[in-house]
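Please read the report below alongside the sequence and the 3D view, and look up each part as it is named.

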Amino acid sequence: MAVRKLAAIIIFALISLLAANLAIAEDGSDQPWASLNDDQRKVLAPLANDWDALRPWQRERMLEIANDYPKMPADRQERVQQRLNSWSRMTPFERENARKRFQQFKSLPPEKKEELRKQWHEYRQASPEKRQELRTQHPEIFGTEDVER
Amino acid sequence: MKIDPENQQVELGYQVIAKRITSLLDEQASNIDAKAASKLSYARQQALANMAKPSSGMSISQNGVIRLFGNYWYQHRLLLTLLMCTLSLLALLARHNMVNQEEAEQGDAYLLASDFPPEVYSNEGFGTWLSENSQQ
Amino acid sequence: MATRQELSDFLTQVERRAFKQTAYAVRDEHAALDIVQDAMMKLSVKYAARPSSEFPMLFQRILQNAIRDFWRRQKVRNIWTSLLSSFSITGEDGEDSDPLEAITSSNHDGRNEPEVQLEQRQTMALIEDALTKLPARQREAFVMRYWEDMDVAETALAMGCSQGSVKTHCSRAVRFLAVTLEKHGLAEQVLARRLSSKKGVGDED
C-alpha cells in the first residue's frame with residue numbers, strides 16, 4: 001500500500017535526521033584534549049581524564065570556564081580550581097538546577113545574601129561536631145555531607 | 001465408523017427444513033417496503049460512485065452533507081500521526097539546540113567562584129529556601 | 001479485479017437479503033439500513049480490486065463486523081439505560097412474548113383473513129423470531145450457509161473461525177429452528193412448501 005511505503009520513508013528520514021543531528025554536533029565542536037592550549041589544559045586539569053567522555057556542549061561550557069578564568073583574581077581562581085572536580089562529577093541535570101539557583105541567589109535582596117554568607121562563615125569556622133549540628137538543623141543550606149571547600 | 005441410518009435421516013430432514021426456511025426468508029426479503037427498498041437502491045448508487053476513487057477525499061453522506069477530506073484524513077491517520085511525531089521531534093531538537101546556546105553565554109566560572117560551593121546550589125532544599133526568602 | 005457491472009450486480013441481488021439479515025441481528029430496521037449502507041460503501045471503497053467471486057464472503061464479513069460494533073455500542077448505552085431505569089417506576093418489558101400471539105391478534109380491519117394467509121404470516125413471524133433469538137454465531141453460520149449459499153470454506157473465512165466450528169454452529173442453528181417450528185406445529189407447513197426454481201433442488205452436502 002502506498003501509505004505504508006510513505007510511512008516507511010518517513011521513519012527512515014526521521015532516523016537519518018537524528019543520526020545527522022548527532023553527527024553534526026560531534027563534528028562541529030570536536031575538541032579533543034590534545035587540541036587545547038596549555039592555559040586551558042592548566043585550568044581544566046581535573047577534567048583531563050573525563051574530557052573525552054563529555055558531550056560537545058559540556059566541553060564548550062568547560063572551555064568557557066577556562067576562558068573566564070584568567071580574568072579573575074587569584075583567590076577566585078583558587079575556588080574554581082578546587083570546585084571544578086565536584087562540578088564535573090555532577091549530572092547535567094544537577095548542573096542545570098545549580099545554574100538556575102545561582103541566578104535566583106543573585107537576585108535576592110542584599111540583606112538575605114548577607115545573611116547566607118554569615119551562616120556559611122560560621123559553618124566554616126565551626127568544629128566538626130558543630131558542623132554536624134548545623135547540617136542537621138539546616139540541611140537546605142549546608143547539605144547532608146561535609147563539603148570541603 | 002458406524003453409520004446410523006436413523007440419525008442420517010434426521011439430519012437430512014433438518015437440511016431440507018433449512019432450505020425451505022431460507023426460501024421463505026427470500027420471499028420475505030423481496031417484499032420489503034418501498035421506502036427501505038429505495039434507500040437501499042440509493043446506497044448502492046453511492047457505493048458504485050465511490051468505486052475506483054478510494055482517496056478522492058470527497059464523500060456525500062446520506063444527509064447530503066459533503067464531507068470534504070474527512071475520509072481522506074481518517075484513511076491516512078497513520079501518515080498524519082507520523083507527521084506530527086516528526087514535527088514534535090524537530091521542535092524538541094531545535095529547542096534543545098537553542099537552550100544549549102543560551103546557557104553557553106552564562107559563565108559557569110562565576111558560579112564556581114562564588115561564595116558557596118556548587119553543592120549548595122545543586123541542593124534541592126536550597127531551592128525551597130530561595131523561594132521562601134525571595135518573597136519577603 | 002472486479003468491474004463496476006459485477007459490483008452493481010452483486011449489490012443489487014444481495015441488498016434486500018442483507019437488510020433483512022441485519023434487521024434480524026440488530027432488531028432495528030433503521031439501524032439495519034445504516035449498517036447495510038455503510039457495508040456497501042466499504043465493499044466498494046476497500047475491496048473493489050478483489051475478484052467478484054470474493055464479494056459474498058467479504059460483504060458478509062463486513063456486515064458481521066458492523067453488527068458486532070453495533071452491539072458493543074448498545075452495551076455501553078444499556079449500562080446507562082439500566083442505571084437510569086433503576087430509578088424509574090416503570091417495569092421492563094423484556095419478557096418473552098409468544099410471537100404467534102401478536103400475529104393472531106392483529107386483525108385490524110375485522111375481516112376474516114384466509115386461513116392459509118394467516119398461517120403463512122404466523123410461520124414467517126415464528127421463523128423471524130427464532131432467527132432473532134439464535135446466538136449470533138449460529139445465526140451467522142445459518143445465514144451464510146443456507147441463505148447466502150456460501151460453502152464451508154467461505155463461511156469460515158467470513159466468520160473468522162474453523163470449518164469445523166462452522167458446521168457445528170450450522171447444525172445447532174438448524175436444529176433450533178426445526179424444533180421451534182415443530183413445537184408450534186408448523187413444521188409440516190414449511191416442509192410442504194414447494195421450493196422456488198431459483199434455489200437448487202436437493203440437499204446440501
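Two residues are taken to be in contact if their C-beta atoms, placed from the backbone, lie within 7 Å. The model is predicted, so local features need pLDDT of at least 70 and side-chain atom pairs count only at pLDDT 80 or more, whereas totals for chains, interfaces and linings use all residues. Residues are numbered from 1 along each chain as its sequence is written, while chains are lettered from A and ligands numbered from 1 in the order in which they are written.

## Chains A and C

Helices (H or I, at least four residues) and strands (E, at least two) are DSSP runs, numbered from the N terminus. A residue is called buried if 20 or more other C-beta atoms lie within 10 Å of its own, exposed if 12 or fewer do, and partly exposed in between, with the C-beta atoms placed from the backbone.

## Where the chains touch

Residues are also sorted by class: Ala, Val, Leu, Ile, Met, Phe, Trp, Tyr, Cys and Pro count as nonpolar, Asp, Glu, Lys and Arg as charged, and the others, Gly among them, as polar.

The contact between chain A and chain B takes 40 residues from chain A and 35 residues from chain B. On the side of chain A, at least two residues each are supplied by α1 (2-28), α3 (56-68), α4 (74-89), α5 (92-106), α6 (110-125) and α8 (139-142), and the largest share, 8 residues, comes from α5(A). By class, this side of chain A holds 21 nonpolar, 5 polar and 14 charged residues.

Which residues does Glu140(A) touch, not counting residues up to four places away in sequence? They are Asn123(B), Gly125(B), Phe126(B), Thr128(B) and Trp129(B). Glu140(A) itself sits in helix α8 of chain A, and it is partly exposed because 16 other C-beta atoms lie within 10 Å.

The contact between chain B and chain C takes 30 residues from chain B and 37 residues from chain C. On the side of chain B, the elements that give two or more residues are α1 (5-30) and α2 (34-49), with the largest share, 16 residues, coming from α1(B). The residues on this side of chain B divide into 18 nonpolar, 8 polar and 4 charged.

## Helix α5 of chain C

The expected span of a helix is 1.5 Å times one less than its number of residues. For the 19 residues of α5(C) this gives 27 Å, which agrees with the 27 Å between its end C-alpha atoms. The buried residues of α5(C) are Thr123(C), Leu126(C), Ile127(C), Ala130(C) and Leu131(C). Seen down the axis of α5(C), these buried residues fall within an arc of 130° (the arc of the directions from the helix axis to the C-beta atoms), so they line one face of the helix.

Helix α5 (residues 115-133) packs against helix α8 (residues 163-183) of chain C at an angle of about 140°, with their axes 10 Å apart. Here axes are lines fitted to C-alpha atoms, for helices over the stretch in contact, and angles run from 0 to 180 degrees between N-to-C directions. From α5(C) the contact uses Leu126(C), Ile127(C) and Ala130(C), and from α8(C) it uses Phe176(C), Leu177(C), Thr180(C) and Leu181(C). These residues divide into 6 nonpolar, 1 polar and no charged.

Glu119(C) also lies in helix α5 of chain C, and with 15 C-beta neighbours inside 10 Å it counts as partly exposed. Glu119(C) and Gln189(C) are 70 residues apart in sequence, and their C-alpha atoms are 8.5 Å apart in space.

## Two loop residues of chain C

Most residues other than glycine have a negative phi. Arg27(C), which is not a glycine, has a positive phi of about 60°. Arg27(C) is found in the loop between α1 (4-26) and α2 (29-47) of chain C, and it counts as exposed because it has 11 C-beta neighbours inside 10 Å.
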